[in-house]
Amino acid sequence: MTDRRTPPAPWRRDPPERRVPGYRPGTPQRRARKPAGGGGWKRLIRPLLSVFIIAFLAGSAFLIAIARDLPSIDTLDTDPMRVGGIVFLDHEDRVIARRGASHGRALTVDELPPYLIDAVLAVEDRRFYDHHGVDLRGTLRALWANIRAGHVVQGGSTITQQLAKNLFLTSDRTMLRKIQEMMLAFQLEARFTKDEILALYLDRVYFGAGTYGVEAAAQRYFGRSATEVSLGEAALLAGLLKAPSRYSPANDLGRAAARATVVLDLMYETGRITEEERLAAAETPIRVAREASSPGAGYFIDWIAGQVRELAGEPRADLIVRTTLDVDAQRAAEAALRNVLDNPDTARGATQGAMVALAPDGAVRAMVGGRDYAASQYNRAVLARRQPGSSFKTFVYAAAFEGGLTPNDVRDDLPITYGNWSPENYSGRYAGPITLRDAFIDSSNVVAVRVAEETGRGHIAALAQRLGIDSEIRLDRSMALGAFEVTPIELAGAYTAFANGGFRADPYAIRGIETVDGDVLYVDDDTPGPVVLDARTLTWMRELMSGVVSYGTGRAAGIPGRITGGKTGTTNDNRDAWFAGYVDGMTTAIWVGNDDFSPTERAAGGGPPALIFRAFAEAAPVEPLPAQPRWQPDPEEEEEEADDPISSFLSRLAGGN
């Protein structure tokens, strides 16, 4: 039988309070209060207001702390950190190179072409004249683009912010730096007009190739003022601002032109130019001004850069340095050395070389410090110390003539021994009795040693130092054969006296230094050096040196119809090969060998160096020959020479170095 329970009648159910969980009959219960309508959010007002006040105070304190560390824009006018760049000119005032940060003349917005301003604004800050230093719309747009890309693809900085960063801040991408940038931007906007801010920006921003400011950039890339650039050139300049090194036309003209096309498109899209103007500018070729010299001139520039700062200090203004270099002679020197060393048949195992060419007063007309400046910036023309070999015999014979010997004096070209040392001729052959003239022309080692011992090694060293050899000369018997070390520029300077009429001529490279505003900081003293060779010695030495290139060891250096003279030099195991001499008024010293001092494949002074000398002399501009003092020999001495033709004939049969 089913138990059916009758549900309690409604009036029999427990009251609502008794249905509360935990209720027990007979226990007194507290009636719950009914919340007033909307009372929940009122309870949150007080804590939210407290949090807001605390955050506001903390933010204010943070901004105040940042503001205290901000640089003052009052320093903008003086700009103490600005260091000038240097423009190097050759002896005809052609640009060789530019070094350092180059700044041009500051220009106002009114002086610049309107399309140049439009190009910059189209690329960098389209709403420049509408915002107050910070473009909130542009910042949000850049923020959204960066969030979508997952990394920074847009900066969102206005021109005013970029100016603030360039002038006062670092390039660190931090929130702190960004806040400082915005605060400084507001200060700049409060102090300067829009045109003044834009002009300051264009005068300070980097345009690549070591140039700061639109004027310096226009001069560097186009060879004229920014006030004269075309629409296409203006677009190229504006395109550099995004990535100056990447888009620099000095590095890649094609890439720079492509970037300029993008700028023209932006100008058209923003209504700053018409379709016809865009097409005309895009179709007009842009010609970039190239520096006058070749990369190899870097050896020369590196050498004198330190001298410039010694003479002019650390300049805050751009400097113009007028040098002695001849860019045509420089190109000829680089080509001559490269062509000979690149050919295995003419290089003969020599992998490196150096060369210095001097005007009669010691002015450096060309300097090649190595085979390839891009591969090695080590300047062998100035720094490499190598044995000069037989090229030192020029000083041996000059001292001998000063001491009373003559070119017609005869000495034995026969083996000789001093203790445990026996000098040998390069060819291994000996001519017997021979005049000093022929011994020099055929580079007899044993005769040079005999003459040195007769003249006195101290006298020879004194003459070499008087002419310009500054290196220490060891006063042993091997000195006559150049068994000590010199540099190419040192040897060239000492040889100059034989070309210029007997005057000492120390090598120099700087004619003058001035600022771009015309303030002269340095002018070279062109006073000629002292006389270091008497007319008789000079006449005899020029005759002997001319014989070397006419029918002696330096025949490969001879140039028909030109006044040439010189001396070859080769060291043990053919480690060093030299030719030092002159053509007309140009004195040149050339060395070839290997940086690791390893032997060459019998590269002698009459080989690669002589070939380089001739190739250079034939291509380089002619350096006028100064007036030469002429000593007239005694007629009796001329008769003695005519009566002794045998020694001259035998000497020409003997090989030399």
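## Chain overview

A residue counts as buried when its relative accessible area is under 20%, as exposed when over 50%, and as partly exposed in between (1.4 Å probe, protein chains only). By that rule, 49% of the 657 residues in the protein chain are buried. The model is predicted: local features need pLDDT of at least 70, side-chain atom pairs count only at pLDDT 80 or more, and totals for chains, interfaces and linings use all residues. Residues are numbered from 1 along each chain as its sequence is written, and side-chain values use heavy atoms, with hydrogens and water left out.

The accessible surface of the protein chain is about 32300 Å², and carbon and sulfur atoms account for 53% of this (Shrake-Rupley method, 1.4 Å probe). Contact means heavy atoms within 4.5 Å. Of the contacts between residues at least 6 apart in sequence, 72% join residues at least 24 apart.

## Secondary structure and the sheet

The protein chain contains 23 helices and 14 strands, taken as DSSP runs (helices H or I, at least four residues; strands E, at least two) and numbered from the N terminus. Five strands form an open sheet with mixed pairing, in the order β2-β1-β5-β10-β11; two strands pair if DSSP finds at least two bridges between them. Its edge strands, β2 (95–99) and β11 (520–523), each pair on one side only. Neighbouring strands are turned by 15° against each other on average, direction ignored.

Strand β1 (residues 86–89) runs antiparallel to β2 and is joined to β2 by four bridges. I86 has R99 in β2 as its bridge partner.

## Helix across the sheet

Helix α12 (residues 298–312) lies across β1, β2, β5 (319–323), β10 (510–515) and β11. The helix runs at about 60° to β10, with axes fitted to C-alpha atoms, for helices over the stretch in contact, and angles from 0 to 180 degrees between N-to-C directions.
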